[in-house]
Amino acid sequence: MIVVVDDQPILVKVMRAHLMAGGFVDVVGTTDPTEAIPLAKRKNAALMILDITMPVMNGLEILQKMREDDELAETPVLIATASSCPKRKSRALALGA
């Protein structure tokens, strides 16, 4: 199961569509960053795709919480973002994205 998390509904829809067109049939998405961790656990996520810049909880905060959680610590994470901030990139890589 692939879990896509982005606060922009159209981006979640587009990413899901492209992944499914590429043969990944189990793809879910949410626009609510606070739902990312519970959703990943419920769906037994094999991969998370996170946006960095989201309100309430950003992708780096989600990634940090995942790395601290025994169930999600080893889950692969891709960061999908328009941000070009080198500090954010370094932080994401340091957390294992």
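Strands and helices on this tour are DSSP runs, at least two residues long for a strand and at least four for a helix, numbered from the N terminus. Keep in mind as you click around that this is a predicted model.

Stop 1: You'll find 4 of them in an open sheet, in the order 2-1-3-4, with parallel pairing. Now pick out strand 2 (27–30) and strand 4 (77–79): these stand at the edges with a single partner strand each, so one side of each has no neighbour in the sheet. Turn the view and look for the twist, which averages 20° from one strand to the next.

**Stop 2: strands 1 and 2.** Select residues 2–5, which make up strand 1, and show strand 2 as well; the two pair in the parallel sense over 4 bridges.

Stop 3: Next, select residues 59–67, which form helix 3. This helix packs on the sheet and touches strand 1, strand 3 (47–50) and strand 4. Compare directions while you're here: helix 3 makes about 155° with strand 3.

**Stop 4: Thr30.** Go back to strand 2 and select Thr30, which lies in it. Is Thr30 buried or exposed? Its relative accessibility is 10%, so it counts as buried, the cut-off for buried being under 20%. Show what surrounds Thr30: leaving out residues up to four places away in sequence, it touches Val4, Val5 and Asp6, along with Val12, Glu35 and Leu39.

**Stop 5: Gly59.** Return to helix 3 and click on Gly59, which is found there. With a relative accessible area of 0%, Gly59 is buried. Which residues is Gly59 in contact with, once neighbours within four places in sequence are set aside? Select Leu50, Asp51, Ile52 and Met54 to see them.

Stop 6: Val14 lies in helix 1, residues 9–21. Val14 counts as partly exposed because its relative accessibility is 36%, and that class runs between the 20% and 50% cut-offs.

How values were computed: Residues are numbered from 1 along each chain as its sequence is written. This is a predicted model: local features need pLDDT of at least 70, side-chain atom pairs count only at pLDDT 80 or more; totals for chains, interfaces and linings use all residues. Side-chain values use heavy atoms; hydrogens and water are left out. Two strands pair if DSSP finds at least two bridges between them. Axes are lines fitted to C-alpha atoms, for helices over the stretch in contact, and angles run from 0 to 180 degrees between N-to-C directions. Contact means heavy atoms within 4.5 Å. Buried means under 20% relative accessible area, exposed over 50%, partly exposed in between (1.4 Å probe, protein chains only).
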